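This report looks at a few local features of one protein model. Please have the sequence and the 3D view ready before reading on.

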Amino acid sequence: MHNVEDLLHQLTLEEKVSLLAGANFWETVPIERLGIPAIKVSDGPNGARGSGGFTDGVRAACFPVGIALASTWNLALVERIGQALAQEARTKGASVLLAPTVNLHRSPLNGRNFECYSEDPYLTGRIATAYIQGVQSQGVGATIKHFVCNDSEYQRNSISSEVDERTLRELYLAPFQMALQEARPWAIMASYNKVNGTFASENHRMLTAILRDEWGFEGLAISDWFGTQSTAASLNAGLDLEMPGPANWRGSKLRQAIAQGEVDEATLDVSVRRLLRLIERAGAFEHPQTGPEQAIDRPEHRALIRATAAEGMVLLKNAGSVLPLQPEKLTKLAVIGPNAKTAQIMAGGSAQVNAHYAITPFEALVERAGEQVQIGYELGSTNFKLAPLLDMDLLTEQGLHVEYFNNSDLSGAVVVHEHSHSSELLWLSSLPEHVDGQHFSARATGQFTPATSGRYTFSLISTGPARFALDGHEVIDNWTHREPGEAYFGMGSAESRYETKLTAGQMYALAFEYSKSPVVPIPAMRLGCIVPQPADAIERAAQLAADSDVALVFAGLSAEWESEGFDRPDLELVGRQNELIEAVVAANKKTVVILNTGSPIAMPWLAEVAAVVQAWYPGQECGHAISDVLFGDVNPSGKLSETFPLRLQDNPAYINYPGENGQVRYGEGIFIGYRYYEKKQVETLFPFGSGLSYTTFRYDSLSLSAREIGPTDTLSVSIDITNTGQRAGQEVVQLYIYDKTASVQRPEKELKGFAKVALEPGERQTVTLSIERAALAYYDILKRAWVAEAGEFEILVGSSSRAIHATGTFTLTETSHFGGVDQNERLSLNSTLGQLLAEPAAREVLMRYLPATFDVQQLNMASNWTLEQIANFAPDLLTPELLQRIAGDLKQLEEAL
Ligand code: BGC
């Protein structure tokens, strides 16, 4: 038995310091002398990748992405996904999974929308709670992330999300608060961005005052990867662990900070204790995780992924009941589009895994439709963003020869030779043995024989100096100059391209070289090649559609468009896909569009096509799950967790997106997503919560358990749901609240309850949902507490935020406050500048007194300091007299509150 307190006493200062930064990319530092093992963590939300590369590590099960899970609105299913993910994490030797991601869909362009659940904090919080409970039921920890206001990727490492207090509380903090209190995740990950001027990773108010003092969180706070920004400030703010390792801001810098009195040893102990507790919870003292990472492809995970993926799909349109497909009535089926023979199982960034396998829609349809149905295929349009990786079949020995040098200029002896089956060389956490990770260079060579003659475009992207030579002539120079680009989390260069004519059957020598730059944490280079495209691709697809009974167009985006480090440019489908869909539907009215995206897109062809299925990125069972929905083996029951706007310009974040001068102002306040579309009565393409079924449902007999409730009462809301169609199906009953007599602005609908019911044809069930005070409250910035205000409330029950089928009213008889800030967060000279600035009234006081010379930049830098500390440091800026006056005003302010 290891006692955490005993261990803490036995650890030397040096050892304690060493524990507070990673040992490497994924593990903490072990202290063998005391039997303290390393803990391994692993990404991420839709699979446990392990320590290998994003897509070439040890294979793992690939689950549906976050938005697909949320679209199921099925908490039991999400919990099972969590359990399976924990089992997967164990096969990779990881005790902690770096998930779930609970940032909100503020803008549909956010590059990581796919990974997050919803534009609604309540739905997000419920899904996250189920997910975490599932993961942790298996003895694996969950890491809720990214705390907080990392709701777009634009300048994510530096931007300050400027959010008012009420919005912060009611929207962006809310899912964290719900999940922390209900599911108690073992860890939380601080985000890259600043929150109101202070980096989230050194934000005392977020990481300590709110997270720990108010919410009582006892787990470990870890940085996002390379997201630590300081030594003393981060630790003093409550950021326990710097990741990845080896230490950059900790280690010797932390020892020095302690020696200089900038960090107390007691503060160090608090963080070390949290880490030791996590090791204890993981059972790792008794059973340290060791051994190689394993790929275990379990049939039960396959089945769960298939069922969940299908249940998350949203049937957006189904005119003339073109779906479900009936094989007995089909002779010829047209399968068209870039996502038909490519399974878009996941999106990009750290959520990627090397999936056990990926079922394409084409394969699954062939399997399901049966031999009597003839299936034709046309690509129609591509949808790549980056030139595709080299086709290994066109290379001699199906690969590239890679040589490594332990210097930066490819000189001298080759240290290691390697054969690569990919033209993307990404050295994420592991390099071949004997290669010096900090100073190396590499040359990849291969013999390329094109299959067709025509114009080829080669492209090079790298995170440091790189160049490409064709037949011995350098044709792309990323060595002497690189334009900044988006790839590799924003560390990659822009794509440099070279176009040339090549002849079929002739062999060409390819060579591309890379030099690791000391400032680049992720060494990578990637050679792409666009092969000649047929000019009549769309005409051929339209012809196939004209000759078929039904045309299925598999369109959408990919991991290249939706990823980390950048956002989407707009809502459009890319390549010539819109044109393709228009041409196909002009040739055959029975056109069904199946979309793989992780966020809303514009659909200029919506009125023409017969049906649309939003399939998201559904994981490794992609094709099977889509086919299950198309053929009606699964009756669709997914509902949108994000509004699809008619135009990007309609989105409330639009005028404050992506931000400027290093700040993004959350100017729409609490009115994000449907809260805004409802308030302004703006038409949408598809509203929040909407989604069709192959059957129909009736809502009747709404009843409320009382007409009046007091602050401690629970109101029961019941409604009868009947399946009025011919097929068994599931319906998501949604309950929204409206505070009709509020003294502050309130949204006209706020989701506060939902239930998913399964009904046989003709079956009726009564659904009962409960409402408590918390569901009625808003955050009062003056009282600094939640307030449920006496007055009349409306209950709206429906099948989407727009389709309300029944309403009722009740009265809350008495106003009550709860969850207020602790006495120790009361404003005084002991508050940090960050705390004072976050309070509108206190901010005003400060602005009144601070001299003009004390500019905002300085304020941000000093946000973890108290006013007294600032006065000591800069007495000419903040004189004792000024300090006295500020203290007086703050006191008055406190009394007024
Ligand atoms: C992401 C995190 C992820 C981490 C480790 C970061 O780029 O923002 O979500 O867990 O990398 O891969």
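In which sense do S34 and strand S35 pair, and over how many bridges?

## Basis of the report

This is a predicted model, in which local features need pLDDT of at least 70 and side-chain atom pairs count only at pLDDT 80 or more, while totals for chains, interfaces and linings use all residues. Residues are numbered from 1 along each chain as its sequence is written, and side-chain values use heavy atoms, with hydrogens and water left out.

S34 and strand S35 (residues 785-788) pair in the antiparallel sense, over three bridges. Strands pair if DSSP finds at least two bridges between them; helices (H or I, at least four residues) and strands (E, at least two) are DSSP runs, numbered from the N terminus. Tyr779 has Trp786 of S35 as its bridge partner.

Three strands make up this open sheet, in the order S34-S35-S38, with antiparallel pairing. Strand S34 (778-780) and strand S38 (816-818) are the edge strands, each pairing on one side only. From one strand to the next, the twist averages 40°. Helix H6 (residues 165-172) packs on the sheet and touches S34 and S35; contact means heavy atoms within 4.5 Å. The direction of H6 makes about 150° with that of S34. Axes are lines fitted to C-alpha atoms, for helices over the stretch in contact, and angles run from 0 to 180 degrees between N-to-C directions.

Buried means under 20% relative accessible area, exposed over 50%, and partly exposed in between (1.4 Å probe, protein chains only).

S5 pairs with strand S3 (residues 141-147) in the parallel sense over four bridges, and Thr143 stands opposite Ala187. Three bridges join S5 to strand S8 (residues 220-222), and these two run parallel. Here the bridge partner of Ile188 is Ala221 in S8.

## Helices H14 and H15

Helix H14 (residues 537-546) and helix H15 (residues 577-587) pack at an angle of about 30°, and their axes are 8 Å apart. H14 is therefore roughly parallel to H15; angles under 35 degrees count as roughly parallel, over 145 as roughly antiparallel, 65 to 115 as roughly perpendicular and the rest as oblique.

## Residue Gly22

Gly22 lies in the loop between helix H2 (13-19) and strand S1 (41-42). Gly22 counts as buried because its relative accessibility is 4%.
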